[in-house]
Amino acid sequence: MALVLILQLLTLFPPASYHPKPWLGAQPATVVTPGVNVTLRCRAPQPAWRFGLFKPGEMAPLLFRNVSSELAEFFLEVVTPAQGGSYRCFYQRPDWGPGVWSQPSDALELLVTEELPRPSLVALPGPVVAPGANVSLRCAGRLRNMSFVLYREGVAAPLQYRDSAQPWADFPLLGARAPGTYSCYYHTPSAPYVLSQRSEVLVISREGEGPEARPASSAPGMQAPGPPPSDSGV
């Protein structure tokens, strides 16, 4: 009798290993401008028949999809900033019993914005370069997997490009050629592009000279960020 009861409970509530969490991704990107159509794709590690999409903190799922496959797509059309936030998905199989769902996916953060936050630009180890020493400039934003661009005052074209999995990118400079005034910005690595504001300028000086700071918008010879280049190489 006890064995029968245990088997019935296992049928209604399978162990967690029986219903592992799915993966949730976004197309064309997790950072988009308002008005773009976004598709959230929930992929299960095994065939499923029903998927659900929800935002943590809300009582009921936003959308359901009855799809007999390992993939379900949820369409968010002409997105607004209010539709940004954290999303998760889960799935269900008919052999799990009524009301039994998978573990939820990891959270996907969707950002809908016209402009990314302004980055900071700092010098490592510092803005004063000693004779024979090199310096690295770190442009730090708030988002991972972005493309970073470094500018130097008096030079129209970008000085360096970096794609980074971290929310920052380092730009190495040779000490003898480092003194000057710099700024940076970052953007999404693919279309539809979303750009940040330009950082405040950073002045790199030789030992014995004093650095100064001023807003990038007032720095002569520096233009506002334009469309990202097609090639993100240096």
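Good morning. A search of the whole structure finds 7 aromatic pairs, a pair being two rings of Phe, Tyr or Trp (its six-membered ring) whose centres lie within 6.5 Å, with planes under 30 degrees apart called stacked, over 60 edge-to-face and the rest tilted. One of them joins Phe 64 and Trp 101, a tilted pair with 6.0 Å from centre to centre and 35° between the planes. This pair links distant parts of the chain, 37 residues apart: Phe 64 is in strand E5 (residues 63–65), and Trp 101 is in the loop between strand E7 (85–92) and strand E8 (108–112).

Before I continue, a word on the source. This is a predicted model, in which local features need pLDDT of at least 70 and side-chain atom pairs count only at pLDDT 80 or more, while totals for chains, interfaces and linings use all residues. Residues are numbered from 1 along each chain as its sequence is written, and side-chain values use heavy atoms, with hydrogens and water left out.

Now the overall picture. The protein has 1 helix and 16 strands; these are DSSP runs numbered from the N terminus, of at least four residues for helices (H or I) and at least two for strands (E). Of its 234 residues, 40% count as buried, that is, under 20% relative accessible area, with exposed meaning over 50% and partly exposed in between (1.4 Å probe, protein chains only). Among contacts (heavy atoms within 4.5 Å) between residues at least 6 apart in sequence, 62% join residues at least 24 apart.

I return to the aromatic rings. Phe 64 is partly exposed, at 34% relative accessible area, and Trp 101 is also partly exposed, at 22%. A further tilted pair is formed by Tyr 91 and Trp 96, with ring centres 5.5 Å apart and planes at 45°. Both Tyr 91 and Trp 96 are buried. Which residues make up one aromatic cluster? They are Phe 54, Phe 64, Phe 90 and Trp 101.

Next, the salt bridges. Side chains of opposite charge can pair when their charged atoms come close. The count is 4 salt bridges, each a side-chain nitrogen of Lys or Arg within 4 Å of a carboxyl oxygen of Asp or Glu. In one of these, Asp 106 and Lys 21 have their closest N and O atoms 2.7 Å apart. Asp 106 is in the loop between E7 and E8, and Lys 21 is in the loop between helix H1 (2–12) and E1, 85 residues apart. Asp 106 is partly exposed at 48%, as is Lys 21 at 43%.

Arg 41 and Glu 73 form another salt bridge, at 2.9 Å from N to O. Because Arg 41 lies in strand E3 (residues 38–48) and Glu 73 in strand E6 (residues 69–76), the pair ties together parts 32 residues apart in sequence. Arg 93 and Asp 95 also meet in a salt bridge, at 3.1 Å, and Arg 93 counts as buried, at 19% relative accessibility.

Finally, Pro 28. It is in the loop between strand E1 (23–27) and strand E2 (31–32). Its C-alpha atom is separated by 7.6 Å from that of Pro 192, 164 residues apart along the chain. Thank you.
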